[in-house]
There are 2 protein chains.
Amino acid sequence: MNPGGTTIKEIAKLLNISSTTVSRVLNDKAEKYRISEKTAKLVREKARQLNFLPNQIAQNLRLQRTNTIGLVIPDISNPFFANLARTVEIELRKQKKLILLCDTNDDTQLENETLALLMGRKVDGLLIAPVGLSNHHFQHYSHIPTVMIDRYFEDLTIPYVATDNLFGAYEATKYLVQSGHQHIACIQGLEDAISNKERIKGFRKAIDDFEIPQQKTSILGSDFSIENGYEATKAILKNETIPTAIFALNNQIAIGVMQALKEENLSIPEDISLIAFDEQPYFQLTSPPITTIRQPIEKIGQEAVKILFDIMNNKAPESKLLAPEFIKRESVKTL
Amino acid sequence: MNPGGTTIKEIAKLLNISSTTVSRVLNDKAEKYRISEKTAKLVREKARQLNFLPNQIAQNLRLQRTNTIGLVIPDISNPFFANLARTVEIELRKQKKLILLCDTNDDTQLENETLALLMGRKVDGLLIAPVGLSNHHFQHYSHIPTVMIDRYFEDLTIPYVATDNLFGAYEATKYLVQSGHQHIACIQGLEDAISNKERIKGFRKAIDDFEIPQQKTSILGSDFSIENGYEATKAILKNETIPTAIFALNNQIAIGVMQALKEENLSIPEDISLIAFDEQPYFQLTSPPITTIRQPIEKIGQEAVKILFDIMNNKAPESKLLAPEFIKRESVKTL
DNA sequence: ATGAAAGCGCTAACAC
DNA sequence: GTGTTAGCGCTTTCAT
């Protein structure tokens with residue numbers, strides 16, 4: 001067999017007909033072009049027999065579309081993004097689109113290169129959770145349908161779908177305060193990512209609304225990793241006064257927090273309370289089960305794909321902020 | 001700007017030279033073809049100015065390669081595979097390859113379709129964790145460089161890299177037995193997946209070697225999901241005699257087990273012991289911390305990519321079974 | 001030192 | 001009902 005695969009031309013030759021006819025039959029246009037049932041059948045048979053698969057590369061070049069969507073994500077090993085990827089994959093597959101997966105490791109430079117790569121690949125659309133530090137590199141690519149997920153830019157018109165992070169963080173903080181906490185440390189992720197900024201805003205707003213003295217609270221941390229949660233917690237514990245509660249701004253940070261507390265023999269919530277952004281199955285199994293803010297991951301993925309198709313079909317896309325869900329467990333002590 | 005992007009032809013026209021020359025310069029072959037420094041400079045300038053990106057589709061068609069690798073995985077939301085995907089992405093990126101990500105949902109039919117899709121896309125290679133129930137569909141694609149990950153087929157010559165599952169399961173079971181357990185329930189994943197079969201073999205071998213009466217042990221379960229772990233555990237608890245220990249054959253099953261035990265107010269390890277295949281950060285944070293068999297995920301990913309490149313470079317590929325690591329924690333009680 | 005032309009595999013406009 | 005031809009954007013052989 002031809003290593004590159006059977007071609008339309010080969011089938012045509014074997015059947016002594018033109019490749020046009022073959023193409024038409026194989027694209028279910030036999031009827032439209034009133035190709036005889038006999039010819040059509042012959043073509044289909046031969047195609048099956050030779051295990052014919054249309055060369056998508058050639059098709060793509062000709063048709064100027066690739067049925068491929070770029071999915072750009074900061075860290076596929078973060079279960080939030082892994083779950084998102086899964087939903088997106090399922091939705092796109094329904095539309096016969098495949099995903100080019102790119103992991104930017106939350107690095108703007110790499111994101112930049114990635115975008116250029118994907119443009120060269122002529123993806124039909126882009127689903128991206130941008131690093132978020134800068135956005136000027138997106139200007140070049142305004143012609144390609146793009147939806148931002150989880151993170152976005154307020155000064156760009158690119159549609160997005162994300163959790164209502166401000167609201168979620170507000171609710172979490174409110175709960176902490178209403179449970180009697182005033183000394184609260186908030187461990188953040190990437191400082192300039194909008195998801196982070198909004199969560200910080202929500203935290204601050206609650207602190208403000210409930211008139212907690214600013215100096216009793218602190219914000220520290222620098223990225224969405226387990227290590228960051230661990231290091232930040234260690235740092236917190238070095239101070240003279242330690243907070244009564246920690247608010248971890250994502251699931252990985254929360255794991256780091258728990259590791260550090262465990263190492264220091266501090267128990268949750270007796271010694272220190274914990275609340276975390278992002279729900280994961282294991283949070284109900286930790287000791288104690290952790291109170292979390294659940295992001296509607298499936299819905300985010302589905303909406304993102306829907307919006308992407310809206311753009312591709314020239315419908316006016318609409319950005320969405322989806323409500324998170326507060327899941328109360330046992331990691332916050334009432335003072 | 002041309003929505004399809006600037007082309008070589010456009011640059012050529014603007015500079016009043018041929019597209020051949022432009023192509024040569026842009027592919028760093030100026031010297032080889034002794035193109036004047038002046039022309040070369042002009043081309044490079046214009047290209048930058050117009051934000052030129054070579055159309056990979058056209059390049060791919062012409063060059064008969066796509067710099068794209070298909071990554072086919074049963075479930076990207078399973079952290080084992082998510083972590084694997086990350087490693088693979090990083091390794092492939094070093095070689096300027098991009099990933100087409102496909103999730104088969106552990107469904108042979110879907111895997112089959114996926115493979116056909118990827119062949120049409122003319123991927124340069126395939127990295128696949130096959131469902132494992134059947135393999136005849138792989139025969140069609142023997143011409144394309146393929147490495148199997150995590151799962152493989154013994155009767156196929158396709159190279160693979162996986163954990164030494166038999167050894168890992170043997171060690172786990174041995175530990176259980178040596179801790180005094182005889183009534184052991186093993187909750188398995190997909191029955192016909194080789195990773196599962198090997199783990200079962202290891203389990204059985206240990207049971208045999210240590211002369212535990214067969215009827216004291218049981219094997220149940222049907223896939224690698226949380227739900228399966230949950231349901232199987234519930235089923236186990238309905239019996240007159242319940243086992244003193246459970247061996248969960250992956251991380252998700254283990255979560256399901258813990259959920260079910262918790263619901264039934266049974267505690268680990270007092271009421272029942274647990275040991276799990278797959279290490280995850282949260283296993284040290286659960287109540288109690290879970291004893292696990294760690295798979296060397298990074299190494300698996302790196303080796304798989306290495307082997308794939310070996311095949312593409314006509315070096316003889318070598319399958320690898322990598323040793324897992326036993327991580328002892330507190331979920332197994334000594335009887 | 002540069003260009004013309006062919007061709008990768010496919011589809012579609014335009015014949016007849 | 002079917003075929004001819006052109007062309008998607010690129011690289012490369014062969015000329016000059």
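Which element gives the most residues to the surface near DNA strand D? In this predicted model, where local features need pLDDT of at least 70, side-chain atom pairs count only at pLDDT 80 or more, and totals for chains, interfaces and linings use all residues, the element in question is α4(B), with five residues. Residues are numbered from 1 along each chain as its sequence is written, while chains are lettered from A and ligands numbered from 1 in the order in which they are written.

A residue is taken as near a strand if its C-beta atom, placed from the backbone, lies within 6 Å of it. Of the 27 residues around DNA strand D, those that come nearest are A:Arg34, B:Thr7, B:Ile8, B:Asn55 and B:Ala58. Two or more residues each are given to this surface by α2 (19-26) and α4 (56-63) of chain A and by α1 (8-15), α2 (19-26) and α4 (56-63) of chain B; helices (H or I, at least four residues) and strands (E, at least two) are DSSP runs, numbered from the N terminus.

Chain A itself comes to 11 helices and 12 strands, and its C-alpha trace spans about 90 × 40 × 30 Å along the principal axes. Its radius of gyration, taken over C-alpha atoms, is 26 Å, whereas a compact globule of 335 residues would have one near 20 Å, by the rule of 2.2 Å times the number of residues to the power 0.38.

Turning to the contact between the chains, 45 residues of chain A are in contact with 46 residues of chain B, contact being defined by C-beta atoms, placed from the backbone, that lie within 7 Å. On the side of chain A that touches chain B, at least two residues each come from α4, α5 (79-94), β2 (98-103), α6 (108-120) and α10 (251-263). Three bridges join β2(A) to strand β2 (residues 98-103) of chain B in an antiparallel arrangement, where a pair requires at least two DSSP bridges, and A:Leu101 stands opposite B:Ile99.

Notes: Contact = placed C-beta atoms within 7 Å.
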